[in-house]
Amino acid sequence: MNFVPPQNSTCREISPEETLRLFAKANPPAGLKERIEIRLSQEQTLQRTAKASRWSQQIFFFSAHPRLATASLLGAVCLMAGFGLHHLHSSAPLPPPIRMNPGSMGAAGAIRVAPAGVRAPEAIAPTSSLAGRENHGRGVVISGKKPLPKSAVVPKNLPQAEESADQGKK
Amino acid sequence: MSSAQIAGWMGTTVTPAQEESGNSAALISALVEQYSTMLYRVAYSVTRNASEAEDAVQEAFLRVLRHRDELGEIRDHRVWLIRIVWNIVLDKKRRAKSRPEAEDIEDFSRLLVSAEISADEYAIAAQQHAQILVQIDQLPEKERRVLLLSAFEELSTVQIASILGTTDSAVRARLFRARKQLQAALEKQRRQQ
């Protein structure tokens with residue numbers, strides 16, 4: 001705050017620019033930067049303390065309520081186990097079809113499968129409401145290969161099987 | 001899960017986040033060192049009060065601390081800081097009750113230091129400056145703000161436009177009008193005296 005006006009200022013009119021320049025050259029009070037730094041470090045300490053107290057509050061809460069903590073933990077474990085089992089079952093392969101000799105005991109309820117495979121129809125009209133999915137059911141063997149899952153799409157050009165599935169039904 | 005295990009997680013070595021926090025703290029300290037004086041002068045030009053101007057500068061740097069994550073995105077730190085402190089002092093002025101004008105002039109007159117002039121000359125100079133300030137305060141708000149910021153030679157009209165959120169041409173037009181109106185008001189005052 002040290003502005004020294006010119007010596008002959010009494011005879012001279014001061015211009016607005018001179019007045020405005022007083023602001024531009026005003027010196028701040030001593031120790032301004034130090035006080036700002038102190039204030040900033042206090043604020044940083046406050047922020048760190050607030051963050052730490054949020055953690056300690058959570059720790060205190062769970063240690064004061066051990067049953068709640070245990071129940072939460074068990075619930076989380078069960079949930080994770082459920083997710084894991086669901087994933088395991090969804091990716092498990094389908095069981096192979098049961099091969100039965102025609103006329104044998106239990107053959108009526110069994111899936112008849114021709115040893116050499118059957119020819120899949122070229123176009124299968126979807127019976128379900130799910131458009132675009134071709135459902136071939138379990139146990140349909142094409143060219144002796146493993147049965148396809150329900151959502152499998154069967155290619156149109158297939159080699160003809162030696163025996164058809166109808167022979168198994170006779 | 002024990003509290004010791006959780007505390008163990010917290011007791012790690014310096015993480016990238018902590019390292020980034022250290023870098024921003026160093027940058028803020030550098031900004032304080034470089035711009036605190038100028039920010040004080042800008043704040044003082046509006047508040048005309050030393051303690052209020054200092055409060056405004058401190059508040060500005062506190063806001064910088066709270067938004068330290070954005071420091072890397074700022075191109076011109078000086079203009080950014082001036083805009084922050086400018087908005088702070090304008091908010092304070094809006095919310096503050098009207099203060100006796102004599103207090104402002106008394107505080108302002110401390111800017112004048114009688115070195116090689118007599119007490120009379122000092123008094124005359126102080127009176128003239130006070131009269132000019134009164135006329136400046138009676139200018140329309142937009143013109144007054146542009147005029148105050150134009151006192152800082154480091155700021156171009158483009159930078160002043162950025163601080164005020166307007167265009168360069170608007171700043172030039174307002175500056176021209178402000179000087180013209182101020183000159184007319186001072187001439188009228190001198191004729192009356």
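Start by selecting Glu33(B) and Lys33(A): they form a salt bridge, and their closest N and O atoms are 3.4 Å apart. Glu33(B) sits in helix H2 (residues 16–47) of chain B and Lys33(A) in helix H2 (residues 32–64) of chain A, so this pair joins two chains. Lys33(A) is partly exposed, with a relative accessible area of 25%. Keep in mind as you click around that this is a predicted model.

Next, pick Arg66(B) and Glu43(A). Their side chains meet in another salt bridge, at 4.0 Å from N to O. Arg66(B) belongs to helix H3 (residues 50–66) of chain B, while Glu43(A) is in helix H2 of chain A, so here too the pair joins two chains.

Arg63(B) is partly exposed at 32% relative accessible area, and so is Glu59(B) at 22%. Now show Glu43(A), Glu59(B), Arg63(B) and Arg66(B) together: these residues are linked in a network of salt bridges. Over all chains, the whole structure has eleven salt bridges.

Time to zoom out and color chain B by secondary structure. You'll find nine helices and zero strands. Of the 193 residues in chain B, 44% are buried.

For a stop on helix packing, select helix H4 (residues 77–95) and helix H8 (residues 157–164) of chain B. They pack at an angle of about 45°, with their axes 9 Å apart. That angle makes H4(B) oblique to H8(B), and H4(B) passes H8(B) in a right-handed crossing.

Then jump to helix H7 (residues 141–150) of chain B. How many of its ten residues are buried? Seven are, so call this helix mostly covered. Among the buried ones are Glu143(B), Arg144(B), Val146(B) and Leu147(B).

Last stop: back to chain A, and out to the surface. Select Leu79(A), Met80(A) and Phe83(A), which form a nonpolar patch with about 370 Å² of accessible area together. Phe83(A) is in helix H3 (residues 66–90) of chain A and is exposed, with a relative accessible area of 55%.

Technical notes
Residues numbered from 1 in each chain as written. Chains lettered and ligands numbered in written order. Predicted model: local features only at pLDDT ≥ 70, side-chain atom pairs only at ≥ 80, totals over all residues. Heavy atoms only, no water. Patch = residues over 30% accessible without salt bridge, like charges linked within 9 Å, V, L, I, M, F, W, Y side chains within 5 Å. Areas by Shrake-Rupley, 256 points an atom, 1.4 Å probe, with all protein chains shown as cover. Helix = DSSP H or I, 4+ residues; strand = E, 2+ residues; numbered from the N terminus. Buried < 20%, exposed > 50% of the residue type's maximum accessible area, 1.4 Å probe, protein only. Axes fitted to C-alpha atoms, helices over the stretch in contact; angles between N-to-C directions. Parallel < 35°, antiparallel > 145°, perpendicular 65-115°, else oblique. Left-handed = near helix turned anticlockwise from the far one by under 90°.
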